[in-house]
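Here is a short report for a reader new to this structure. Please look at the display first, then read on.

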Amino acid sequence: MTDKRMTAEQVVSELRSGMTIGIGGWGSRRKPMSLVRAILRSDLDDLTIVSYGGPDVGLLLAAGKVRRLVYGFVSLDSIPLEPHFRAARQAGAIEAVEYDEGMLYLGLYAAACRLPFLPTRVGLGSDVLRINPLLRTVRSPYDDEELVAVPALRLDAALVHLHRADVHGNALCLGPDPYFDDLYCAAADRAYVSCERIVPTEELAPAASVLIRRHQVRGVVPAAHGAHFTSCEPDYPRDEQFQREYAAAAATPERWVDFHRRYLDTDEAGYQRAVADRDQQLEVAR
Amino acid sequence: MTAPTRAEVCVVACAEAWRGDGEILASPIGLVPTVGARLARATFSPDLLLTDGEASLGVGTWPVGESPAQVEGVLPFRQIFELIWSGRRHVMMGPGQIDRYGNVNISAIGDFHRPKVALLGVRGAPGNTVSHPCSYWVPRHSRRIFVERVDLVCGIGYDRAAAAGPSASRYHQLRRVVSNLGVFDFPGPDHRMRLVSVHPGATVDQIREATGFDLQVGADVPQTRLPTPAELRLIRTVIDPAGHRDAEVPR
């Protein structure tokens, strides 16, 4: 069987500007942040991002990587509004495709099933149809229902972060919620799984928690603390203090430059070192 | 025991939203609705399902900010959508704007494409409102929130549901709006917002003044019911002993 291990840089080298990229997780929970940070270091731009958005979206927006954003919300959970998202929206900087959260699910599911759309009553009567003028309704052939036809959200690539994976791409979810990570992979031409730890296949237990199977996966990236600063329960909780620092830094361009210099003008190992140094300083201060 | 605070009256008014709901998922958004939903289950609506705010369904009554001691299962987001579409849920959401027919905006103030203030996004409001009962909680009743017309319809009101046809209106039901001043519903054939009751200490005139459209107001508006001693004890000693509710509705 194929050994699909890759570095984040190799993943990024397979992506192209203008692609549609789906990012797993939910809000500020179990986001493939190390892969997002690798995109920040690249010259990729003009991306369409599909996400239940959190700081993944915020960082890509701040770096000017996004042309079009397909989302139901962008939030840091414990901080309700993503500051870079707010700034980008208020500046009119991106094309915003705002869907109900459930419509996003159906769009990914349609893509995974190779269907052009899936019907739902979600969106009827709301301005989701007005702000997305390409959305169409469809009449049920069985009764009088007129329903929204959610178009398939086919992805060029999916990025997700799981707890454990084997080198072939089978990935285990140990957390409380798989979110939609398997659907992102199924809806994508190429799916890349970063994981806290690579383990032998026989250690992927319980088998029922293997969320993603290898036939859907092109690359596996070992990335300890790869979801930082979002939560990756039960391996680690959200780094709330760091998230507050991130949100505060986003408030002014000057502070963002400082934040960027301290944490992001470096590779992933440099990022993790900077975070560890900061933790140590905080420990000393205490 | 000291007299009930405004926040405690609001907690009970929110709890009342779930009275008679039976075995469905109660989804409170915001602190006061969360205390209210737990109070409802601990008293008059014992069959409700409640999540811990993450993916677990909690058993018993536990304090806000903490995790339940025991769970009865998990409810990941994907299954929440399926549950929403099956209708077996009653959510209480927090509107950024709400109009007389119950249209609600939680996404963007001003023009959608370049908002004056970007909020969260439509989240689940479009799907919730066409699928199952919805209520709303407004901690600061004002003309900025109770508006003549919302800038973006996320949760749909009665006029929009009717205009969009039977697929939109079939399961559409807005139960009540609770604010820090009173309780409201949408009765009658035209479903315009009506003042149901006034919280102790608030007045009809004050509510009219803080509302950006004409409310239906009956001749004799009753006072919102007060918490019972048993309810007060549950709120103060079990569900919110740290008094977080006072931050959402100041004394």
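The text below covers the interface between the chains, then a sheet in one of them.

**The interface**

This is a predicted model. Chain A gives 45 residues to the contact, and chain B gives 40 residues. About 3600 Å² is buried between chain A and chain B, with 54% of that area from carbon and sulfur atoms. A:Arg89, A:Gln90 and A:Arg121 supply 16% of the area that chain A buries against chain B, more than any other three residues.

The rule finds 6 salt bridges between chain A and chain B. In a salt bridge, the side chain of B:Arg123 meets that of A:Glu101 at 2.7 Å, N to O. Residue pairs in polar contact between the two chains number 23. Several elements of chain A give two or more residues to the side that touches chain B, among them β3 (66–74), α4 (83–90) and α5 (101–112). The residues on that side of chain A divide by class as follows.

| Class | Residues of chain A |
|---|---|
| Nonpolar | 23 residues |
| Polar | 8 residues |

In chain B, 7 strands form an open sheet with mixed pairing, in the order β1-β4-β9-β10-β11-β12-β13. β1 (25–28) and β13 (216–217) of chain B stand at the edges with a single partner strand each, so one side of each has no neighbour in the sheet.

Strands β10 (residues 173–179) and β11 (residues 182–185) of chain B pair in the antiparallel sense over 2 bridges. B:Val178 has B:Val183, in β11(B), as its bridge partner. Helix α1 (residues 6–15) of chain B lies across β4, β9, β10 and β11 of chain B. This helix, α1 of chain B, runs at about 175 degrees to β10(B).

Key
Residues are numbered from 1 along each chain as its sequence is written. Chains are lettered from A and ligands numbered from 1 in the order in which they are written. This is a predicted model: local features need pLDDT of at least 70, side-chain atom pairs count only at pLDDT 80 or more; totals for chains, interfaces and linings use all residues. Side-chain values use heavy atoms; hydrogens and water are left out. Contact means heavy atoms within 4.5 Å. Buried area is the accessible area (1.4 Å probe) that two parts lose on being put together, summed over both. A salt bridge is a side-chain nitrogen of Lys or Arg within 4 Å of a carboxyl oxygen of Asp or Glu. A polar contact is a pair of N or O atoms within 3.5 Å; within protein, one must be able to donate a hydrogen and the other to accept it, and residues adjacent in sequence count only if both atoms are side-chain atoms. Helices (H or I, at least four residues) and strands (E, at least two) are DSSP runs, numbered from the N terminus. Ala, Val, Leu, Ile, Met, Phe, Trp, Tyr, Cys and Pro count as nonpolar, Asp, Glu, Lys and Arg as charged, and the others, Gly among them, as polar. Two strands pair if DSSP finds at least two bridges between them. Axes are lines fitted to C-alpha atoms, for helices over the stretch in contact, and angles run from 0 to 180 degrees between N-to-C directions.
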